[in-house]
Number of protein chains: 2
Amino acid sequence: MVRGELSSPTIAYETWGTLNAEHSNAVLIFTGLSPSSHVASSGEDPSPGWWEDMVGPGKPLDTNRYFVICVNSLGSCFGSTGPASINPATKDHYRLSFPVLCVEDIANAGAALLDHLQVSTLHTVLGASMGGMTALAFALQHPGRAQGMISISAAARSQPFSIAIRSLQREMIRRDEAWKAGNYDFDAPPAIGMRLARKLGMISYRSASEWTERFGRERALDEAPRNDPFGLDFEVESYLEAHANKFVGSFDANCYLYLSRAMDLFDVADQGGSLDKGLARIGLQRALIIGVETDFLFPIEQQEELAQGLTSYVADVEFMRLASLQGHDSFLVDMDRFRPAVARFF
Amino acid sequence: MVRGELSSPTIAYETWGTLNAEHSNAVLIFTGLSPSSHVASSGEDPSPGWWEDMVGPGKPLDTNRYFVICVNSLGSCFGSTGPASINPATKDHYRLSFPVLCVEDIANAGAALLDHLQVSTLHTVLGASMGGMTALAFALQHPGRAQGMISISAAARSQPFSIAIRSLQREMIRRDEAWKAGNYDFDAPPAIGMRLARKLGMISYRSASEWTERFGRERALDEAPRNDPFGLDFEVESYLEAHANKFVGSFDANCYLYLSRAMDLFDVADQGGSLDKGLARIGLQRALIIGVETDFLFPIEQQEELAQGLTSYVADVEFMRLASLQGHDSFLVDMDRFRPAVARFF
């Protein structure tokens, strides 16, 4: 591991709505591992955002009422400084010379952005998946700066099962010869490793019951070519193939490795020695913890553990257990359940 | 796909105990994807078998009372004919010219073995995982030949979630350049693909709760070398590494591909159009279906569906739901629960 500091990193972000004079309506969104800061469409960029149904005028996170900021994570590759960026000291890409990245660093980059925007306090910090971890890290590193927090399908620490999945995803990329110990040509990235990692991602983001309902044993329309006895056969295999094709080329492999690892390393108990002692630093007035019953990457028990742990230190804690079928990814797709849950908080 | 026939395949097997004159004490065991026919130690081979605690004198499957036969699956690489075997017609290895393999073919090879051994009827046919599917296929293809059946952590058909996992495992192997479209040097097999596939196997064979209890966030003893920022860090990563090391070199890659695919293709409903119509062919008097609550590869709902479906056609059906923590692999490790379950049947 390289431990070190970044000199003047760039942090990419987008905002919607207007900050009021009292600074009482600012909301900061941290993202999951792969999205950019484009959470919703805007005048400058009318393309749909990754949470278009949730953020906008009249939507649950109403940009007519709130000043919404979404930040591209430090270490990512959509404008913020990460392993694919140029190191100003060497004029070369950081690649694996990028220092080891922690979820806390991503949270602190968000806080630095607030300073830059002269936003003193937040109405709410929120995020889902890695973004939920980051929102929690923000609330712990900067007690009092946010009044409320929403953590969706996240956790106070990574458990060995999700570490194992992410470790294997990273190995798939690192074992791809095209990775070249991080020194790949950006025009010839480790595409095979990224494809495999994305497929395992999709398997771990959804749920068995959703797929049984959705695909059953349907065969793929484009049958396996006769010369490939192990080609696509079932509809579920085509589905994974389509997702892998979309992902490769859109995300930098080294950035993926760093962000994935940051999630493994996250553990609230690192400060103080126990979850309870770690959470004692928090300075929130309200917290909403949302979990999904079919999520096996961040299982509902972990959401419950977090909500339970917060009750000692936060006056108003709500825990919502959603019966969505789509597993970890439910917050992106089961909007009929997630919209009212988030709307009620705001 | 190659559809075809094998001329005079070899079927490897081992037996324990003695067949009685009435042929009322023969038991046939089909295996999961990776084991050999060495289910238990014997005079000829005193090394411990893969189900040593279950099979032997005075054990739940008591070889003092029963004539136990365990067969190496057709398509495997421990003595039975498979893709790694020599095709007598060409004097070369079959490799991908091996015909497409179905679970029914493995079952029929077991029936042919019984003919060879002059065993007319079975007291019980049994198996776990793929072996449970094969036991079911045997009972459906050869109604009346077995009186009883035990299916452990298996299913009447593969669901898309488990198909997705196996499909990805196969892709890991096929994407390894060393695979060479199946034409690898046996001394230089696609070791990277096999390692990755085995790790995903281990992830899918166990359960998140077992690993949380067993590993928590313990760090690996042999820390990551400083020049590899993504090396082993957590204990769970070392565990997967050890399993991958053990597997590579011990199992043939093409055999793995064929057997894995056979599981995807298995669907009792292929005969007759529905699970119920498929099961109608069965000719059993007793069936015991055992499932494990933490198994997410062959989830408990599938075991229940099978048991429920059998009640229309089998007089005595028992369904056992075990609370083992070790997921799909529980039948190999949670012997305190599995021993009494199997003993009671016999």
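User: What distance does helix α2 of chain B reach from its first C-alpha to its last?

Analyst: This is a predicted model, and the values that follow are computed from it. Helix α2 of chain B covers residues 130–141, twelve residues in total. At 1.5 Å a residue, a span of 16 Å is expected, and the helix comes close to this, reaching 16 Å.

User: What is the area buried between chain A and chain B?

Analyst: The size of an interface is often given as the accessible area lost when the parts come together. Here the contact takes 50 residues from chain A and 50 residues from chain B. Carbon and sulfur atoms give 64% of the buried area, which is about 4700 Å².

User: Which three residues supply more than any other three of the area that chain A buries against chain B?

Analyst: The share supplied by these three residues is 17% of the area that chain A buries against chain B. They are A:Phe161, A:Arg217 and A:Phe230.

User: How many salt bridges are there between chain A and chain B?

Analyst: A salt bridge requires a side-chain nitrogen of Lys or Arg within 4 Å of a carboxyl oxygen of Asp or Glu. The side chains of B:Glu171 and A:Arg195 meet this condition, at 3.9 Å from N to O. Between the two chains, the count of salt bridges is ten.

User: Which helix gives the most to the side of chain A that touches chain B?

Analyst: Several helices of chain A each supply at least two residues to this side, including α4 (191–205), α6 (235–247) and α7 (253–265). The residues of this side divide into 26 nonpolar, six polar and 18 charged. The greatest contribution is eleven residues, and it comes from α3(A).

User: Is A:Ser330 buried or exposed?

Analyst: A:Ser330 lies in helix α10 of chain A, residues 330–333. Leaving aside residues up to four places away in sequence, A:Ser330 touches A:Val292, A:Ser324 and A:Phe338. A polar atom of its side chain lies 2.7 Å from the backbone oxygen of A:Gly327. The relative accessible area of A:Ser330 is 0%, so this residue is buried.

Terms used. Residues are numbered from 1 along each chain as its sequence is written. Chains are lettered from A and ligands numbered from 1 in the order in which they are written. This is a predicted model: local features need pLDDT of at least 70, side-chain atom pairs count only at pLDDT 80 or more; totals for chains, interfaces and linings use all residues. Side-chain values use heavy atoms; hydrogens and water are left out. Contact means heavy atoms within 4.5 Å. Buried area is the accessible area (1.4 Å probe) that two parts lose on being put together, summed over both. Helices (H or I, at least four residues) and strands (E, at least two) are DSSP runs, numbered from the N terminus. Ala, Val, Leu, Ile, Met, Phe, Trp, Tyr, Cys and Pro count as nonpolar, Asp, Glu, Lys and Arg as charged, and the others, Gly among them, as polar. The expected span of a helix is 1.5 Å times one less than its number of residues. Buried means under 20% relative accessible area, exposed over 50%, partly exposed in between (1.4 Å probe, protein chains only). A polar contact is a pair of N or O atoms within 3.5 Å; within protein, one must be able to donate a hydrogen and the other to accept it, and residues adjacent in sequence count only if both atoms are side-chain atoms.
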